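Open the model in your viewer and keep the selection tool at hand. The tour goes from stop to stop, with a note on what to find at each.

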Amino acid sequence: LCTSASASAADFPGGADAFEAELKDLAKRSRKRTVLVFGLIGLGSGAVVDHKGTVVTNAHVCAGARYAVIQWADGRSVLAERQGIDYAADLAILKPVDPLKESVPAFSLAPSAPVKGQWVMGAGFPGGLRTTSEPTTSLGRVLGIGGGPETPIAFLDYSDAIRSDMAIFSGNSGGPMFDLQGRLLGINGAVDLENAITLTIPIDVVKARLRSLKDGLIVLPGNQTLRPKSNPI
């Protein structure tokens with residue numbers, strides 16, 4: 001468990017030991033809901049959002065191909081089809097090509113964005129399988145919502161991102177940010193290295209794309225859309 005947040009005794013009304021035990025349990029549960037995503041041009045992480053194995057990840061993780069491979073922390077892997085992708089929002093939705101034989105653990109969706117100062121956690125595969133066989137977790141606090149810096153890729157829109165001091169690294173892209181109840185708060189996607197700030201796509205944007213990104217829909221920068229299934233290219 002990695003933490004970059006400073007804390008005082010007032011932060012742990014139940015005691016630091018109880019807080020640590022709670023975090024360890026939460027980390028264990030989150031690992032079952034976080035997957036490794038093998039895309040065409042790289043790899044990243046993803047958050048499982050329903051018991052059928054639907055995964056939300058970053059657009060930049062699975063760009064350029066209709067299919068990706070998703071792998072759970074226990075080593076199971078399946079071929080997944082991209083249901084839709086929004087490049088500016090940096091989000092993509094994946095679903096297993098073949099129905100899973102059994103249901104899988106999934107994150108519930110938080111009702112709203114976190115508030116400044118709130119404790120949050122993240123999970124993912126920093127460095128992919130080169131460094132870890134299962135997701136690592138990190139702890140931090142929300143610094144604010146929106147007003148973040150520009151990302152290195154100009155067309156990515158992180159203007160409304162959750163800003164936190166939770167540590168993420170290359171390979172964590174697409175992984176979940178969640179609250180201390182284990183509810184998904186957003187999808188981690190970028191880092192402001194100069195200020196050591198993590199940028200996370202908030203849950204309201206995630207919910208909207210879960211509703212809209214279907215049937216292979218491609219949303220290009222500038223809100224131009226392509227529908228490959230109805231207009232093959």
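Select F178 first. At 0% relative accessibility, F178 counts as buried (buried is under 20% relative accessible area, exposed over 50%, partly exposed in between, with a 1.4 Å probe and protein chains only). This is a predicted model, where local features need pLDDT of at least 70, side-chain atom pairs count only at pLDDT 80 or more, and totals for chains, interfaces and linings use all residues. Residues are numbered from 1 along each chain as its sequence is written, and side-chain values use heavy atoms, with hydrogens and water left out.

**Aromatic pairs**

The structure holds two aromatic pairs. Rings of Phe, Tyr and Trp (its six-membered ring) pair if their centres lie within 6.5 Å; planes under 30 degrees apart are stacked, over 60 edge-to-face, and the rest tilted.

F19 sits in helix α1 (residues 16-31) and W119 in strand β8 (residues 119-124), so the pair ties together parts 100 residues apart in sequence. Helices (H or I, at least four residues) and strands (E, at least two) are DSSP runs, numbered from the N terminus. F19 is buried at 13% relative accessible area. W119 is buried too, at 10%.

F107 is in the loop between β7 (91-96) and β8, and F178 in strand β11 (residues 176-178), so the pair ties together parts 71 residues apart in sequence. F107 is buried, with a relative accessible area of 5%.

**A glycine in a strand**

Select G189, in strand β12 (residues 184-192). Buried or exposed? G189 counts as buried, at 11% relative accessibility. Which residues does G189 touch, leaving aside neighbours within four places in sequence? The contacts (heavy atoms within 4.5 Å) are N58, H60, D90, Y158, S173 and L199. Now take the C-alpha distance from G189 to I168: 9.1 Å, across 21 residues of sequence.

**A charge over a ring**

Show W72 and R76. R76 lies over the face of W72, 5.4 Å from the ring centre (the criterion is NZ of Lys or CZ of Arg within 6 Å of the ring centre and within 35 degrees of the ring normal).

**Last stop: V69**

V69 is in strand β5 (residues 67-71). V69 counts as partly exposed, at 30% relative accessibility.
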